[in-house]
Amino acid sequence: YFQIARCFRDEDQRGDRQPEFTQLDLEMSFVHRDDVMDLIEAMFTAFVQKHLVKKQLMQTPWPRLTYQEAMDRFGKDNPDLRFGLELKDITDLCGETGFKVFDQAVSQGNHVRGINAKGLGHYSRKQIDELNAFALQHGAKGLAYLAITPEGEQRSSFAKFLKPEALDALLTRLEAQNGDLLLFVADKPAVVYEVLGRLRVHFGDVLNLRDPHVLAFCWVIDFPFVVWSEEEQRWDPSHHLFTAPVEEDLPMLEANPEKVRGQQYDLVLNNFEVAGGSIRIHDRKIQEKVFDLIGLEQAVSQERFGHMLEAFEYGTPPHGGIAPG
């Protein structure tokens, strides 16, 4: 069935979140993940081709990225695929570079990643300081830079500390050319992704790479099933309580929950999530395992969700859905 639902958003407010919105909510029985995604992709493709004649679909079929691939390449799980400027991991090149910030990050199990802002090697010190302030604002301890003039001269906050072979390897990894501006963050993965992901979008605007006439749809799949809450010292669902784990990951649910993937999927368009959904749990034993995993006491889960657990005993079919909004 489907419903056109008026919704009120019960979560933290952001600049790109409306407190009230309308969504098309689809719920489907006897489906797998690909069934839902294939249907929506066909619907949206037909809609764009028929009604948005001034827009151009970047590609069909749409790319399908895993959550980890999206984070590693773009720094966010709702990437804008209209342009490149992808993040590059240089963690494996660090550790003994001679630059303490990079080497310490690696010794502490953190990441070092960079981005090449193509053609912006002419940036002034003031402009680079503004980028550094932006990085600090979003959690980084600092932003390392290496600017290359069109003539090949280098200005850098750290290059003088690097061993020559380390610098050469770094320039090669980022495909650096004369006129480029290289920016690096060394920190916990979440901070590195947050800062460089935002900088990538910023440079996409600065360099006019985000063509408003192009629609770059993609799917993001294989999200972590749960995330660890430091504040509550417990596992929390990354999507919601009733999302099904990927079937082949079920044996890890109790011993290694951090390795389990959820059967959820996000539809992403030009830097925004425009739909999200999941295949639901339809097995009582699995649902009770999830309640235990997130620390929901048996009496509480029975009081809140006992009717649903009982329904599972009568042969609830595999089911899932999605809600473009």
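## Close-up views of the predicted model

**N208, an exposed residue in a loop.** At 71% relative accessibility, N208 counts as exposed. All views here show a predicted model. N208 sits in the loop that joins α6 (189-206) to β10 (214-215). Its phi is positive, at about 55°, although N208 is not a glycine. Most residues other than glycine have a negative phi.

The chain contains eight helices and 16 strands. Its C-alpha trace spans about 70 × 50 × 35 Å along the principal axes. Of the 325 residues in the chain, 46% are buried. How much of the contact count comes from residues 24 or more positions apart? Such residues account for 68% of the contacts in the chain with a separation of 6 or more.

**L85, a buried residue with a positive phi.** The loop between α2 (67-74) and β5 (88-89) holds L85. Phi of L85 is near 55°, and L85 is a residue other than glycine. Is L85 buried or exposed? L85 has a relative accessibility of 12%, so it counts as buried. N208, by its relative accessibility of 71%, counts as exposed.

**The loop between β3 and β4, with M58 and P61.** M58 lies in the loop that runs from β3 (56-57) to β4 (64-66). P61 has its place in the loop between β3 and β4 too. The peptide bond from T60 to P61 is cis. Its omega is near -10°. Most peptide bonds are trans. M58 is partly exposed, with 37% relative accessible area. Which residues does M58 touch, leaving out those up to four places away in sequence? They are L81, R82, V214, L215 and A216. Y265 is 207 residues from M58 along the chain. The C-alpha atoms of M58 and Y265 are separated by 20 Å.

Find D222 in the loop between β11 (217-221) and β12 (226-229). Why does D222 count as buried? Its relative accessibility is 17%, and buried means under 20%. The side chain of D222 makes a polar contact with the side chain of R33, at 3.2 Å. R33 is also one of the residues that D222 touches, when those up to four places away in sequence are not counted.

**Helix α5, with its buried residues on one face.** Helix α5 covers residues 164-173. Its buried residues are A166, L167, L170 and L171. Seen down the axis of α5, these buried residues fall within an arc of 130°, so they line one face of the helix. What do they pack against? Their partners are the helix α3 (100-107) and the strands β7 (144-148), β8 (154-156) and β9 (181-187). The face of α5 turned away from the buried side carries exposed residues: P164, E165 and T172. Just after α5 comes E175, with a positive phi of about 50°.

Rolling a probe the size of a water molecule over the atoms shows where empty space is left. The structure holds one cavity of 30 Å³ or more. The largest cavity has about 40 Å³ of space. Which residues line the largest cavity? They are I90, L93, C94, T97, F102, L162, A166 and L170. A166 and L170 are among the buried residues of α5.

The volume of the second largest pocket is about 370 Å³. The lining of this pocket is made of 16 residues. Which of them are the closest to the centre? A244, P245, E247, Q263 and I279 are. By class, the lining of the second largest pocket has nine nonpolar, three polar and four charged residues.

Note on methods. Residues numbered from 1 in each chain as written. Predicted model: local features only at pLDDT ≥ 70, side-chain atom pairs only at ≥ 80, totals over all residues. Heavy atoms only, no water. Helix = DSSP H or I, 4+ residues; strand = E, 2+ residues; numbered from the N terminus. Buried < 20%, exposed > 50% of the residue type's maximum accessible area, 1.4 Å probe, protein only. Polar contact = N/O pair within 3.5 Å; in protein donor to acceptor, adjacent residues only side chain to side chain. Contact = heavy atoms within 4.5 Å. 1 Å grid on protein atoms, 1.4 Å probe; cavity = no way out; pocket = protein on both sides within 12 Å on 5 of 7 lines; lining within 4 Å. Points joined across faces, edges and corners; volume = space filled by probe spheres on them. Arc of directions from axis to C-beta. Nonpolar A, V, L, I, M, F, W, Y, C, P; charged D, E, K, R; others polar.
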